Amino acid sequence: MTPTTQTSPVVAQLTTRKSWKQLQSHHKKLSEAHLRKLFADDPRRGERMTVEAAGIFLDYSKNRITDETIGLLLELAEESGLRARIGAMFRGDKINVTEKRAVLHVALRMPKGTSIVVDGENVVPQVHAVLDKMTEFCNRVRSGEWKGHTGKRICNVINIGIGGSDLGPVMAYEALKHYSDRNMTFRFVSNVDGTDIAEAVVDLDPSETLFIVSSKTFTTLETMTNAHSARDWALAGLGGDPKSIARHFVAVSTNAQDVAKFGIDTANMFGFWDWVGGRYSMDSAIGLSTMLAVGPENFRAMLDGFHQMDEHFRTTPFEKNIPVLMGLLGVWYTDFFGAETVAVLPYEQYLKRFPAYLQQLTMESNGKHVTLDGTEVTYATGPIYWGEPGTNGQHSFYQLIHQGTRLIPCDFIAFGKALNPLGRHHDMLLANVFAQTEALAFGKTPEQVKAEGTPDWLVPHRVFTGNRPSNTILADRLTPENLGKLVALYEHSVFTQGTIWDINSFDQWGVELGKALAQRIIPELESQTEPPLAHDSSTNNLIRRYRKVKE
């Protein structure tokens, strides 16, 4: 039995599916159609091509699609076994076939009393046991009951991690800063570049600082290098007493032996499970810094938002299913229009790190070149995700989106109510959201430009071709609950695309090779004597050059 048949029915190879071939023919007919005509032919298009669920509103009318397109994409989802694949994930089947693991980030936000069984054990009580332990710890730190080694209250929290142990916590802290305890300072260290840890601690008092070391194995090179430097800094400022570490360091890990060896009390070790991938872990114990910042009540509200979107994804028919629709539209542009990137444009300053977070979620998940059974794909997978908050992006890269030669589908994200209402600011912000999507879709014709009195020689420069697709995602306001919904929306959109492409969205072997080679090169850089080198001529030369420079 092949891995693909363990959790879902056998499906035909993607490009041989009936719906795929129909989409190819359909694309040929539709590729020249302009959104101006699509809207003119259907005056209610902007009202019809919308869907709302769990407090999230999606307008997908400004996409280069018709009702026939959506129908064929939905058929593709059915032919690809998406329903069965969703069921397999929520049941706890081991759909991460290369690592033989379940994929259960959805369990992290399930209410008490529910059940998901993995290897014969209900994991939901385990999740809530960790949440309760996090809650108790956070309440002690936030109230001042937890004291540092010298008896001072903790005022500074530094999260040390990398990848999913950093990007999620950083994004969540920035996104929910409005709700955070402003009497506490939060910083995040990830880069092995010594500047990162040096700048994080430069103006802090060790006696008031708590470090969270986030590494499942407690062996991650970058994280443990930074953790040991933080330990040295703390000891230097706390009189050199090794016992002080237990009051200034906690761990998010499963390696009790190495945690204890580091000097951390294992009572202050918060665990998680191998069925939680790093980029899907911000709502696990990896989110300890988030809970410390915004408090347990807000953290649990975020979990509830995740769960609401999970249930929408699990139970809603595909034609009204927001993550499914967004995922299918992504496949439509990636595989039929040849689009290579997606711009994510949050019109909310607190979401300034959201595009960076999505880069790992999307590209580490779906940046794959083989199918589940190891066959080389013959179609495009995983586009590049990127973006910046509006309106900043309008004054930098929007020029390329509007008038460049590349097709770049865009996701605009906005909220109806401002967290910091200030005069006309929010009306102006939302006006820009609506104006940008309108301009991208409809552009400006040569005739319109000429009618404005533009000289003939200047007309070509001021023409906007339009027909640039976008989604608009709206919610009431940026709350912890809505942040959870938004993240889960993209998680499940990624899942939908991975299912269509028949790839494993839950492993990341691509990050391993460079890490392994780095471990080989480190001793060659640190050797006191000239080491024998067996790399390619470029790498050998670079190593020798660096060794001379560092002397």
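A: Let's start with a polar contact of 2.7 Å that joins the side chains of Arg-314 and Glu-311. A polar contact is a pair of N or O atoms within 3.5 Å; within protein, one must be able to donate a hydrogen and the other to accept it, and residues adjacent in sequence count only if both atoms are side-chain atoms. Before going on, keep in mind that this is a predicted model, in which local features need pLDDT of at least 70 and side-chain atom pairs count only at pLDDT 80 or more, while totals for chains, interfaces and linings use all residues. Residues are numbered from 1 along each chain as its sequence is written, and side-chain values use heavy atoms, with hydrogens and water left out.

Arg-314 sits in helix α13, which covers residues 296–315. Helices (H or I, at least four residues) and strands (E, at least two) are DSSP runs, numbered from the N terminus. Is Arg-314 buried, exposed or partly exposed? Arg-314 counts as partly exposed because its relative accessibility is 42%. The cut-offs are these: buried means under 20% relative accessible area, exposed over 50%, and partly exposed in between (1.4 Å probe, protein chains only).

Which residues from elsewhere in the sequence does Arg-314 touch? Setting aside neighbours within four places in sequence, Arg-314 is in contact with Ile-86 and Phe-90, where contact means heavy atoms within 4.5 Å. Arg-314 and Met-89 are 225 residues apart in sequence, yet their C-alpha atoms are 9.8 Å apart in space.

Asp-310 and Arg-109 meet through their side chains in a salt bridge (2.7 Å, N to O). Asp-310 lies in helix α13 and Arg-109 in the loop between α5 (82–91) and β3 (117–118), so this pair ties together parts that are 201 residues apart in sequence. A salt bridge is a side-chain nitrogen of Lys or Arg within 4 Å of a carboxyl oxygen of Asp or Glu. Side chains of opposite charge can pair when their charged atoms come close. Asp-310 is buried, with a relative accessible area of 1%, and Arg-109 is buried as well, at 3%.

Now for some other charged pairs. A search of the whole structure finds 26 salt bridges. One of them joins the side chains of Arg-83 and Glu-78 (2.7 Å, N to O). Arg-83 is partly exposed, with a relative accessible area of 46%, and Glu-78 is partly exposed too, at 37%. Glu-530 forms a salt bridge with Arg-547, and here the closest N and O atoms are 3.9 Å apart. Because Glu-530 lies in the loop between α21 (512–526) and α22 (537–550) and Arg-547 in helix α22, the pair ties together parts that are 17 residues apart in sequence. Glu-530 counts as exposed at 53% relative accessibility, whereas Arg-547 counts as buried at 11%.

Asp-166 is in helix α7 (residues 164–175). Asp-166 is buried yet has no salt bridge, and the nearest side chain of opposite charge, Arg-353, is 5.3 Å away. For charge, Lys and Arg count as positive and Asp and Glu as negative; His and the chain ends are not counted. Not counting residues up to four places away in sequence, Asp-166 touches Asn-159, Gly-161, Phe-188, Val-189 and Ser-190.

Strand β5 (residues 156–160) and β7 pair in the parallel sense over 5 bridges; two strands pair if DSSP finds at least two bridges between them. Ile-158 has Phe-211 of β7 as its bridge partner.

Finally, how far does the predictor trust the model? The mean pLDDT of the protein chain is 96, and 98% of its residues reach 70 or more; pLDDT is the predictor's confidence in each residue, from 0 to 100. Over residues 1–9, pLDDT stays under 50.
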